[in-house]
Every structure is written in C-alpha cells, then in structure tokens.
Amino acid sequence: NFDRPYFSRGFSEFWTRWHISLSSWLRDYLYIPLGGNRRGDVRTGFNLIATMLIGGLWHGANWTFVAWGGLHGLYLLLERTLRAPLARIVAALRIPAPVVSLLAGLVVFHAVSFAWIFFRAPSFGDAADMLAGIFTRSPFAFGTVQHRFLVLRALFVVGVVLGVEAVTFRPVWFERLAAVPTLRFACAALLVWGIALLGTFSGANFIYFQF
C-alpha cells in the first residue's frame with residue numbers, strides 16, 4: 001500500500017505511492033466525480049483543493065487535519081501550475097537530469113515533512129511550538145540529550161530502513177544472498193535480534209489503526 005513514497009520527485013507522484021488505497025479512493029470517488037481536470041484550470045484547482053481537504057477530514061474532525069489536507073492540495077496545485085515554466089527554465093539552463101531529480105526529491109520530502117507537523121500535532125498551538133523548536137532551538141549537542149539510547153536506536157532503525165530500501169532497488173542482491181546459506185541464516189538471526197532489541201511491545205498501535 002506504500003511504494004517508496006519518499007523517493008517521489010513530485011507531489012502527484014507522491015500520492016500515487018502514499019497510502020495507495022486511500023489516494024485511489026480519493027481520486028475515483030471525489031476528484032473525478034467533481035470534474036477532475038476536464039473543466040478548465042480554475043475548476044481543476046478547486047477540485048484538487050476540495051479533494052485534499054476532504055481527505056484531511058477523513059483522518060479526523062480536527063482543523064489540523066484540514067490544514068494538512070489543504071497544504072497537500074496547495075502543493076498539487078502549485079506543481080500543476082509551475083510544471084511547464086520550471087521545465088522551460090531547466091531546459092534553458094541545461095541542468096543535468098540527475099540534479100533535477102535530486103532537487104525535486106528534496107523539495108517534495110521537506111514539503112511533505114512540513115505538512116506532517118500539522119497532521120501529528122493535537123492543535124495549532126502545538127504545531128507552532130514544533131516549528132519554533134525547529135527554527136529557534138540552540139545548536140544540537142548530543143551530550144544534552146536525556147534519552148541517548150532512544151536516539152541511537154532511532155538512528156540505527158533509520159540506517160536499517162535505508163539499507164533495506166537500497167537493496168530493494170537491486171533485486172539481484174537478494175538472489176545472491178539466497179544462494180549463500182550462511183549469509184541467509186546470518187540475516188535471519190540479525191532480524192530476530194533487531195526485533196527483540198528495537199521492537200515496541202507496549203501494545204501501541206500503528207498510527208493508521210486509529211483512522
């Protein structure tokens with residue numbers, strides 16, 4: 001249901017990769033019935049914003065969810081409006097395709113991460129506190145962290161996830177791994193050890209279980 005969404009190089013691409021069952025439902029039962037992109041640019045913009053606002057409300061009756069949906073609607077509208085002018089600028093400057101992909105991916109990732117602040121914050125006040133912490137906090141010093149093991153554990157998990165993602169781009173690596181029993185058993189043992197060390201056994205549910 002999630003197809004490497006954070007590797008997306010556009011917001012429309014992100015919504016073909018993120019929570020695919022939900023995004024498909026929003027497209028088929030809201031965006032297209034509203035008219036989709038068949039009734040001119042103004043109506044298309046309205047349809048995008050309305051669809052994403054309703055998608056935000058689907059997650060809960062809270063204005064922070066509406067803000068999250070509205071931001072994504074705005075992202076989609078800006079992408080649709082600026083796609084052609086940006087393409088002309090890139091062509092005129094002869095920017096290499098890998099550089100364009102990298103920059104586009106960074107923009108999408110940070111814009112999506114910014115929107116998540118409102119999605120997770122219980123209120124706009126809490127969201128403002130988070131934003132203030134991001135932009136005004138003093139320089140980071142690991143020695144001041146109270147729960148250092150949790151930070152190290154999180155960094156380790158991020159490293160593992162990135163490693164798994166990298167490997168999935170090279171299926172031949174899986175084939176080579178499966179051909180060596182020793183490596184296969186070692187990976188299985190590491191997996192069990194990782195679950196025992198890093199797993200959450202408190203009964204906390206995956207976030208989407210609440211929706």
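Reader: Where is Arg-94 found?

Author: Arg-94 sits in the loop between α4 and α5. The model is predicted.

Reader: Why is Arg-94 called exposed?

Author: The relative accessible area of Arg-94 is 76%. Exposed means over 50%. Arg-94 is therefore exposed.

Reader: Which residue other than glycine has a phi near 40 degrees?

Author: His-19, and that value is positive. His-19 lies in the loop between α1 and α2 (20-34).

Reader: Is His-19 buried or exposed, and how do you know?

Author: His-19 has 10% relative accessibility. The limit for buried is under 20%. So His-19 counts as buried.

Reader: What makes Val-90 partly exposed?

Author: Val-90, in helix α4, has a relative accessible area of 26%. Buried ends under 20% and exposed begins over 50%. The value falls in between, so Val-90 is partly exposed.

Reader: What does Val-90 touch, leaving aside its neighbours within four places in sequence?

Author: Ile-95 and Val-100. The C-alpha atoms of Val-90 and Val-100 are separated by 7.9 Å, with the two residues 10 apart along the chain.

Reader: Why are α3 and α4 called roughly antiparallel?

Author: They pack at an angle of about 150 degrees. Angles over 145 count as roughly antiparallel. Hence the label for α3 and α4. Their axes are 7 Å apart, and the crossing is right-handed.

Reader: Which residues meet where α3 packs on α4?

Author: From α3, the list includes Leu-48, Ile-49, Met-52 and Gly-56. From α4, Trp-68, Gly-69, Gly-73 and Leu-76 are among them. By class, this contact has 11 nonpolar, nine polar and two charged residues.

Reader: What makes up the largest nonpolar core?

Author: That core has 23 residues. Phe-11, Trp-15, Trp-68, Tyr-75, Leu-76, Val-112 and Trp-116 have the most contacts inside it. The elements giving two or more residues are α1 (11-17), α3 (41-59), α4 (63-93), α5 (97-120) and α6 (124-136). α5 gives the most, with eight residues.

Reader: What does Phe-11 touch, not counting residues up to four places away in sequence?

Author: Phe-11 touches Tyr-75, Leu-76, Glu-79, Val-107, Val-108, Ala-111 and Val-112.

Notes: Residues numbered from 1 in each chain as written. Predicted model: local features only at pLDDT ≥ 70, side-chain atom pairs only at ≥ 80, totals over all residues. Heavy atoms only, no water. Core = buried A, V, L, I, M, F, W, Y, C linked by side-chain atoms within 4.5 Å. Buried < 20%, exposed > 50% of the residue type's maximum accessible area, 1.4 Å probe, protein only. Helix = DSSP H or I, 4+ residues; strand = E, 2+ residues; numbered from the N terminus. Contact = heavy atoms within 4.5 Å. Axes fitted to C-alpha atoms, helices over the stretch in contact; angles between N-to-C directions. Parallel < 35°, antiparallel > 145°, perpendicular 65-115°, else oblique. Left-handed = near helix turned anticlockwise from the far one by under 90°. Nonpolar A, V, L, I, M, F, W, Y, C, P; charged D, E, K, R; others polar.
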